[in-house]
Amino acid sequence: MARFLKNREESKGQSPGALIFIGEKKTTSVQARVIDYDSTILTEQELSHIKDGSHFKQTNTVTWLNINGLHDIEKIKEVGQIFDLHPLVMEDILNTGQRPKVEDFNAYIFIVLKMIRFDTETEMIFNEQLSIVLGDNFLVTFQEQPGDVFEPVRKRIRRQKSRIRGSGTDYLAYSLLDTVVDNYIHIIEVIGEKIEDLEEMILEGNDTTVMEKINAFKREINYLRKSIRPAREAILHLSRLDSDLFQESTIPFLKDLQDLINQATEAIDTYRDLLTDQLNIYNSVMANKMNDIMKVLTIFAAIFIPLTFIAGIYGTNFEYLPELHYKYSYAVFWTALIVIAGALLVFFKRKRWL
Amino acid sequence: MARFLKNREESKGQSPGALIFIGEKKTTSVQARVIDYDSTILTEQELSHIKDGSHFKQTNTVTWLNINGLHDIEKIKEVGQIFDLHPLVMEDILNTGQRPKVEDFNAYIFIVLKMIRFDTETEMIFNEQLSIVLGDNFLVTFQEQPGDVFEPVRKRIRRQKSRIRGSGTDYLAYSLLDTVVDNYIHIIEVIGEKIEDLEEMILEGNDTTVMEKINAFKREINYLRKSIRPAREAILHLSRLDSDLFQESTIPFLKDLQDLINQATEAIDTYRDLLTDQLNIYNSVMANKMNDIMKVLTIFAAIFIPLTFIAGIYGTNFEYLPELHYKYSYAVFWTALIVIAGALLVFFKRKRWL
Amino acid sequence: MARFLKNREESKGQSPGALIFIGEKKTTSVQARVIDYDSTILTEQELSHIKDGSHFKQTNTVTWLNINGLHDIEKIKEVGQIFDLHPLVMEDILNTGQRPKVEDFNAYIFIVLKMIRFDTETEMIFNEQLSIVLGDNFLVTFQEQPGDVFEPVRKRIRRQKSRIRGSGTDYLAYSLLDTVVDNYIHIIEVIGEKIEDLEEMILEGNDTTVMEKINAFKREINYLRKSIRPAREAILHLSRLDSDLFQESTIPFLKDLQDLINQATEAIDTYRDLLTDQLNIYNSVMANKMNDIMKVLTIFAAIFIPLTFIAGIYGTNFEYLPELHYKYSYAVFWTALIVIAGALLVFFKRKRWL
Amino acid sequence: MARFLKNREESKGQSPGALIFIGEKKTTSVQARVIDYDSTILTEQELSHIKDGSHFKQTNTVTWLNINGLHDIEKIKEVGQIFDLHPLVMEDILNTGQRPKVEDFNAYIFIVLKMIRFDTETEMIFNEQLSIVLGDNFLVTFQEQPGDVFEPVRKRIRRQKSRIRGSGTDYLAYSLLDTVVDNYIHIIEVIGEKIEDLEEMILEGNDTTVMEKINAFKREINYLRKSIRPAREAILHLSRLDSDLFQESTIPFLKDLQDLINQATEAIDTYRDLLTDQLNIYNSVMANKMNDIMKVLTIFAAIFIPLTFIAGIYGTNFEYLPELHYKYSYAVFWTALIVIAGALLVFFKRKRWL
Amino acid sequence: MARFLKNREESKGQSPGALIFIGEKKTTSVQARVIDYDSTILTEQELSHIKDGSHFKQTNTVTWLNINGLHDIEKIKEVGQIFDLHPLVMEDILNTGQRPKVEDFNAYIFIVLKMIRFDTETEMIFNEQLSIVLGDNFLVTFQEQPGDVFEPVRKRIRRQKSRIRGSGTDYLAYSLLDTVVDNYIHIIEVIGEKIEDLEEMILEGNDTTVMEKINAFKREINYLRKSIRPAREAILHLSRLDSDLFQESTIPFLKDLQDLINQATEAIDTYRDLLTDQLNIYNSVMANKMNDIMKVLTIFAAIFIPLTFIAGIYGTNFEYLPELHYKYSYAVFWTALIVIAGALLVFFKRKRWL
Ligand SMILES: [Mg+2]
Ligand SMILES: [Mg+2]
Ligand SMILES: [Mg+2]
Ligand SMILES: [Mg+2]
Ligand SMILES: [Mg+2]
Ligand SMILES: [Mg+2]
Ligand SMILES: [Mg+2]
Ligand SMILES: [Mg+2]
Ligand SMILES: [Mg+2]
Ligand SMILES: [Mg+2]
Ligand SMILES: [Mg+2]
Ligand SMILES: [Mg+2]
Ligand SMILES: [Mg+2]
Ligand SMILES: [Mg+2]
Ligand SMILES: [Mg+2]
Ligand SMILES: [Mg+2]
Ligand SMILES: [Mg+2]
Ligand SMILES: [Mg+2]
Ligand SMILES: [Mg+2]
Ligand SMILES: [Mg+2]
Ligand SMILES: [Mg+2]
Ligand SMILES: [Mg+2]
Ligand SMILES: [Mg+2]
Ligand SMILES: [Mg+2]
Ligand SMILES: [Mg+2]
Ligand SMILES: [Mg+2]
Ligand SMILES: [Mg+2]
Ligand SMILES: [Mg+2]
Ligand SMILES: [Mg+2]
Ligand SMILES: [Mg+2]
Ligand SMILES: [Mg+2]
């Protein structure tokens, strides 16, 4: 399956807003979890029926509804009905091949990002679509699979004194995005270290797998870039939205987020350049080794082939070959061999091949 | 024939607006098909005379006139007269080498795109020009050949409850464009999968056709890009037009279309980069193989050429060659050969060529 | 002489507006031809004295004065006096190394373009400077040499019913530019076809001139680009000028011209990329061939050098060499040779070199 | 550890504004030094308790508080409290992997830059984060380690007649930035000289370490660029801030600073290009040397292998081999050898391999 | 010394505006020459004391003060005092490593450019800083060394009827800039011709110095670009300044200057691309030659090594070797050799190596 573009076969030719799940089908059921809080109260609850979440919408508290798993379209539809989401938003949530983006629908802001994961065994990057709907007093997150990087945010919510408890949904949204981007930085750092370590292997030049590694990291860095570069655009867009949903005090935090994602994209570009340089160096190392091999071959061949020819002369069986019969011929013969070999050695020494 | 630029020989030096068909001449007759609908009524009809379509223009219903085949210039002219099209529009419809674009003529918007097709046998991309004239209550599409990707749109029109039946020509235009772009994504995905599969073939390095494949895909990706990149510009332009022909409610759909075409162009860039990387890797694999070949040659030559020389010495027929007559000469000779060969093997082992 | 930059030696250090002809000196005399028309009348006339053209300036008809040849500076000066041209305009007309551009002098618009010609024998591009002065009711064109691409425009002028006869100097200027750009497209198409044909030659890999051809086309494409890219800027500039000299009805034609020049520049970029890809492929084909050559050498050398060594052993003249005297030695010797050769063949087969 | 991205493991998932020191932990204590001055008075003082610095804040003098060492978070927090710094500013000061930037918080401007150092022994660049908080009548600088480039600025402050003594905190900030950027230029100049010197080594082509040096400088130049390019953005941003903290008379100095940083980034780009060119030249030199090696091998092999074959013929022991018994055979044999060798030498001479 | 960045060691850490001369120290004294003119009067005078120039400042005539040599800082300071120049301007005049630029100080415009010189012997570019201060009725030029390209301008000033005599300081400034840029074009043309001539040398492929030449021209073109690209920015900036110092009538001349500098930068880019292409072609030519060399080697080796082996067989001394004793063995042996050689020749012919 093409990894750089999600197969949309099923959605081809469908009417816009047709709700089709594009992604790996899961068998576990969809999980819905609500955290509802303000500076004084806090409720955490696993919803067995999506509809149970609807009453949180009326209250003035911050309501974070997190959905894990998108394969049960009916349940996702219910969420859409409760929060009155546009059909195109619903489609984008389910069609998990979306490009990261931010869209302002006045009543809510719709954010799509990728959460990334580095599998240390295969040394490959995997990503999962995170869709966020940020409303006035609610925030809904949609994930493809259980397991996320948000546990530290939940912990902070549980601490009554935290800034997050005294802030609105905009700060909660920022906190989630910040966590996602922090994770980008972390993963780039892990891969970056591996890339920087390649350099020594290249200069030694004996590990033939190093080229495959350069190639593999290049592919993973490109894959990463595909998620992170549009995320930068999206975050820039977010901090320039003129939306009532964002309070003045949250703006510096969005700027800080921009700093972070800029760092991520620059680091990716740096590592891409580094890999390109490494491949060039690798090719030069290979060419150097070839030169070395050929020098050895040439020196052996150029010295011994003429000598063998001379020996061949005196190995002929001509009846009238006078040199064969002189007393000192053999000594002269050896002297000639040594002189020729010596002269060639000097020649190669002068050429600095030795 | 130059594939990347359509031959315009015939139109060279003609007055602007001169109607000359640039494309493959067809023998089948031009087909004209009307679908006329609003939320309650629906008429589908094959027109035998273009003029029969003119009465649909007055009604308030949405009228979609689709023309298949452009080689009968008289018929195309009639369409132009009915809908009062500018001579330059008429010229662009017939001159099928147009760059995708959007132009606003106030009374109508003129859109040119390419429909693309991937031939799985030759693994080549083919394209066909699609011209769309979007008026207040009519929409005319011009195609070079019969057969298109719009059947799902027609099906949706036939379903009375569909959004398309309750909307105007702008939404119909969007639906057609969405279908075209969905098809771009699909074809990129098909080619992309083939490109991603090349990687393994390269690392094995034994298939000499892999380079030709990289080359062929590079050419096809460039060909695709030639259609799709200006299409992105065109769609961006469309969503920024300040035209009365577009209703407020259609705008989010145009934004969604932009998302889609952005994904298409990004995927194309990604695959282009991938192919460039693959060619680099291929070249490194080749250089590695060359090194291997030369090592084998050098080892064989460097070991046996000196040994042959020594054998040559004792193959000479010098009369006074004392070593030949000693009893253990032959054993000493073998010992020397083995020692030399062993020393050279150690030397190559140390160089890690073995 | 540097082909990519015209020698300005003579104009170096001259005061601005100094009239010095930069180009090949011609011996034929300067030709001046007037076509004067409106929707009813038409006069065509070869002027023997430039001054005879001055009375056309007063009339309300469209007057097109075409000058062929710039080496007679006095005559060119007279034209400048009649139409009151700025010294810098005069200088640019004569100094034919100008970069294509459009300048608005209120009373007239000054346009510089290159007319290009492809010499099929040398497969080289040649260009000639075309300067256009577009006034209210006159248009003057300056060419370096006789012969141009404007004959079809003249024919259209001679047809009384043509759009050109009913329009002003702006539409005439457009018609000339359109003809020039049509010719760009045509020449790119001719070269493009030749470039696309190179691909097959490369993959066969036996024609050693293919590299020189890639190189030559790259140079010609760059030379073409040098004329056409600034022409695109100039035409864009022209269509954005807010000049009274352009009527509302001519604007769509300028937009069409922009389409055309965009197509030209994109095609040039496409062919540049294609040539770069072709050079890469050529290098890979060369590397593949080198691998093949080395494999043949290595297989021959690696098989026969050891065998020759063994034959050499038994060609020595040691007195005490027991194997020489056994009855089946020769058969054993052959068996050994065959076994060794067979083993090496299997080894190379396993390496897939055979 | 990844050198191109600072490990943020510890800050991952922390709430924004969480104060965690990212950098090498130091054991020496944090140093705080105050210089307080106006055109008449001057006080310099090492603070043992950060709080002692707070009274300088009220006075109208310029107060420069310099902090060396960031590992004692409590002390840094105190500074934050005295000058009322935003939690995100505090975080950025401690998290020393920041990208250079300028942020306007109205009450103060927050500036992050890198001070760079070139270690001549390892030929590597090291950097240290410099954070500057520029307020109305105070300026705080934070450095990771003791030792800086600011001593010349301190000397100028001590001279009562200097421009700096008659100016405000904005001019002090400019002076520090100017010193930092001057140091960039100096270090680029040092590395640049080394890079320019590589060229001769490459053309000689005998030093195999030259490729490793090209590689190492490329890496260092990239590392430098990572600090300096965002610094350019930051300084551009600074000179465009519409802040009351900057006096009119300081603006020309900021423009001068922009000139300087532009020069720095251009020089970096120039040296990057130079290194790329050098690697290309190096590869061509290698290919040339390979050609030379192969020519030597081919000439020796092509001349002596046929001669050895002929000698081999007459080394055979065929009973009926008539040539062996002719009187002049040996002379004819030698003549043939010499003719063949001569012909081959002429052949190679014609090919210009000799 | 780093050629691409001037050593500023001495100015490091100095206060801004500190007057330190950065450049080669000269021993000849500083020359100051005044030309004072309007349409009727003209005075030319060599000043022995700078102060003697101050009275020209009051008059309404155009005063051009040209300073040759910057090493006598006191004299330069005097000029600064007479014309009331900002300390940063003074610093930039003396610190000759400035990037070309234009700055508006209201009372005057400060312009920095490079005058370039091509040394035909070393084929290297050298540059010299030209600083221009353009005031209301004075213009001061500062050069590092005696000798400039301005003699033609002086001649024009001496002609009473020239446009320059009837214009102000703005037109004088334009004339100087035009002369400098004309000189850029001229030098690019000289180098360009040499670069275009390289092509033939490359395709012949026998001159091993061609690669060094490509390299050297690449370096010089880059060096040139370093002076000329910022000059383009500066001239663009100049023509967009909204300064009272420029009269309406001078604007078209500034636009003409922009044309010229655009041509210069485009030509530089063209030649850069040409050199890159040439290096690629050179590498391909090298690879082709390598292939040729290896083919010769392989053909000789592959034909004669097996033949030598066969001769070796019959050179063995086995007692029981029946073939040696047959009458026609030697004839059969020769036949076999010829058949094998012929078969191999056919094989190589088929591979098109012959
Ligand atoms: Mg869809
Ligand atoms: Mg969507
Ligand atoms: Mg994805
Ligand atoms: Mg994407
Ligand atoms: Mg970067
Ligand atoms: Mg290479
Ligand atoms: Mg046309
Ligand atoms: Mg058109
Ligand atoms: Mg097309
Ligand atoms: Mg077009
Ligand atoms: Mg999308
Ligand atoms: Mg990409
Ligand atoms: Mg001039
Ligand atoms: Mg001009
Ligand atoms: Mg030209
Ligand atoms: Mg040009
Ligand atoms: Mg293109
Ligand atoms: Mg190569
Ligand atoms: Mg954080
Ligand atoms: Mg931060
Ligand atoms: Mg850092
Ligand atoms: Mg940051
Ligand atoms: Mg960077
Ligand atoms: Mg540069
Ligand atoms: Mg300074
Ligand atoms: Mg300065
Ligand atoms: Mg300089
Ligand atoms: Mg500067
Ligand atoms: Mg530069
Ligand atoms: Mg020009
Ligand atoms: Mg160019």
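Trainee: Which residues does D:Leu172 touch, leaving out those up to four places away in sequence?

Mentor: D:Leu172 touches D:Tyr37, D:Val62, D:Trp64, D:Leu139, D:Val153, D:Ile157 and D:Ile164, with residues up to four places away in sequence not counted. Keep in mind that this is a predicted model.

Trainee: And how many residues does the largest nonpolar core have?

Mentor: The largest nonpolar core has 355 residues. Those with the most contacts inside it are A:Leu172, B:Leu172, C:Leu172, D:Leu172 and E:Leu172.

Trainee: OK, sheets. What is the strand order of the open sheet in chain B?

Mentor: The order is 2-1-3-7-6-5-4, seven strands with mixed pairing. Strand 2 (42-47) and strand 4 (101-104) of chain B are at the edges with a single partner strand each, so one side of each has no neighbour in the sheet. From one strand to the next, the twist averages 15 degrees.

Trainee: How many bridges join strand 5 to strand 6 in chain B?

Mentor: Eleven bridges join strand 5 (residues 109-119) of chain B to strand 6 (residues 124-134) of chain B, and the two run antiparallel. To pick one pair, B:Lys114 has B:Gln129 in strand 6 of chain B as its bridge partner.

Trainee: Which strands does helix 5 of chain B lie across?

Mentor: Helix 5 (residues 210-240) of chain B lies across strand 4, strand 5 and strand 6 of chain B. Helix 5 of chain B runs at about 20 degrees to strand 6 of chain B.

Trainee: Over to chain D. How many residues sit between strand 4 and strand 5 in their hairpin?

Mentor: There are four residues between strand 4 of chain D and strand 5 of chain D. In the turn, D:Asn106 has a positive phi of about 65 degrees. The two strands run antiparallel and are joined by four bridges. D:Val102 is opposite D:Ile111 in strand 5 of chain D.

Trainee: What about helix 3 of chain E, how many of its eight residues are buried?

Mentor: Seven of the eight residues of helix 3 (residues 87-94) of chain E are buried, so this helix is largely enclosed by the rest of the structure. The buried residues are E:Leu88, E:Val89, E:Met90, E:Glu91, E:Asp92, E:Ile93 and E:Leu94.

Trainee: What covers the buried residues there?

Mentor: The cover includes helix 6 (251-313) of chain D, along with elements of chain E, among them helix 2 (73-83) and strand 7 (138-143).

Trainee: Which domains is chain A divided into?

Mentor: Chain A has domain 1 (16-284) and domain 2 (296-350). Their C-alpha centres lie 77 Å apart.

Trainee: Last topic. What rotation superposes chain A on chain B?

Mentor: A rotation of 72 degrees, with 0.1 Å of shift along its axis, does that with an RMSD of 0.1 Å. The two copies are thus related as by a five-fold rotation axis. Of the residues of chain A, A:Gly315 comes closest to the rotation axis, at 4.7 Å (C-alpha).

Notes: Residues numbered from 1 in each chain as written. Chains lettered and ligands numbered in written order. Predicted model: local features only at pLDDT ≥ 70, side-chain atom pairs only at ≥ 80, totals over all residues. Heavy atoms only, no water. Pairing = 2+ DSSP bridges. Axes fitted to C-alpha atoms, helices over the stretch in contact; angles between N-to-C directions. Contact = heavy atoms within 4.5 Å. Domains from an automatic or database assignment. Core = buried A, V, L, I, M, F, W, Y, C linked by side-chain atoms within 4.5 Å. Buried < 20%, exposed > 50% of the residue type's maximum accessible area, 1.4 Å probe, protein only. Least-squares fit on C-alpha atoms with pLDDT ≥ 70 in both.
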